[in-house]
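Please keep the 3D view open as you read.

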Amino acid sequence: MEDAVLEMARLGLSVVRPARWCRRTRHLLYKDYNFDQKFSLTTTSDSGLGLTATGVKIDELFIGDIQTQHKSGKTTIDVKIDSDSKVSTTVTVDEALTGLKTSFSFRVPDKNLGRLIDLQYLHDRIALNSTIGLTSAPLVELAATIGTNELSVGAEVGFDSTSASVTKYNSVIGYNKHDFSAALLLTDKGETLKASYIHLFDQTNGATVAVEVTHKLKTKENYFTIGSSHALDSSTLLKTRFSNSGKVGLLCQHEWRPKSIVSLSAEYDPKVVSSPSRFGVAIALKP
């Protein structure tokens, strides 16, 4: 088995961001659930240029965006244009130096966001990340993860350079095996304790169960969401979830052709009297 840090990096995760260590669990519980009408089309050329067009209809409002990605050697350029005419650009250079990944992001027009520089360094047992905002009042975020193939520990902290104050600090400890993963996080400047667990029971149909529990230390409030996922056949996936508030969610995904997926989502909320049920459909085409 690959080292946990490098394996998470290979999967494209921000390995040194403690808040994202629950990503496997959160993907099962929340990813692809959609209660609007969504359509996306993705194409890729032989030259390495990718294009994705996405549109979402929310009630009577329609929003959309177009994303392009071009890869050339170790450099990747991502450009996104949304329906508000905002253009977001990210330039990423992978392995500029051994183990170092660098990205530069900016948005036009957006005076508040400014520009961001993100540096990520990966080694066999350690990952480091630094994000710096290039504004008149820059915010700086630092994060680190130390781990083996089973046990990993991470932390992140954010600073406001103008006021010299700490804007956030989070920490996490995670344990990974081939069939399950567990993580315990302390977030919101020590005010929230969160635990997540995901377990693969059957590799043949991908039967998986995940749970996320949140405890507010100040208010003593508790929240939980539990969900499951399994394949009905080689092209159909069924997901369910249930929360302590009584919400029940159901998602069915069907791949009618390679890389082209239709998703049907439904949710029932007993606390909403006027319209307790929500439904949505999403179609993703990749010719």
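The accessible surface of the chain comes to about 16900 Å², and 60% of that belongs to carbon and sulfur atoms; areas here come from the Shrake-Rupley method with a 1.4 Å probe, and for residues only the protein chains shown count as cover. Before going further, note that this is a predicted model, in which local features need pLDDT of at least 70 and side-chain atom pairs count only at pLDDT 80 or more, while totals for chains, interfaces and linings use all residues. Residues are numbered from 1 along each chain as its sequence is written, and side-chain values use heavy atoms, with hydrogens and water left out.

The chain has 2 helices and 19 strands, taken as DSSP runs numbered from the N terminus (helices: H or I, at least four residues; strands: E, at least two). Of its 287 residues, 29% count as buried; buried means under 20% relative accessible area, exposed over 50%, and partly exposed in between (1.4 Å probe, protein chains only).

Our first stop is Asn 34, in the loop that links helix 2 (23–30) with strand 1 (37–44). Is this residue buried or exposed? Asn 34 counts as buried because its relative accessibility is 13%. Its side chain reaches two backbone oxygens: that of Asp 36 at 2.9 Å and that of Val 281 at 3.3 Å. Leaving aside neighbours within four places in sequence, Asn 34 is in contact (heavy atoms within 4.5 Å) with Ser 265, Gly 280, Val 281 and Ala 282.

Next, find Asn 205 in the loop between strand 13 (192–202) and strand 14 (207–216). With a relative accessible area of 27%, Asn 205 is partly exposed. A polar atom of its side chain lies 3.0 Å from the backbone nitrogen of Ala 207. Not counting residues up to four places away in sequence, Asn 205 touches His 230 and Ala 231. Leu 237 is 32 residues from Asn 205 in sequence, and their C-alpha atoms are 9.3 Å apart in space.

Leu 151, Val 153, Ile 173, Tyr 175, Leu 184, Leu 186, Leu 193 and Leu 217 make a nonpolar patch of about 600 Å². Patches join residues with over 30% relative accessible area and no salt bridge, nonpolar side chains (Val, Leu, Ile, Met, Phe, Trp, Tyr) within 5 Å and like charges within 9 Å; a salt bridge is a side-chain nitrogen of Lys or Arg within 4 Å of a carboxyl oxygen of Asp or Glu. At least two patch residues come from each of strand 10 (151–160), strand 11 (165–176) and strand 12 (180–187). Leu 151, in strand 10, is partly exposed at 42%.

Definitions and conventions. A polar contact is a pair of N or O atoms within 3.5 Å; within protein, one must be able to donate a hydrogen and the other to accept it, and residues adjacent in sequence count only if both atoms are side-chain atoms.
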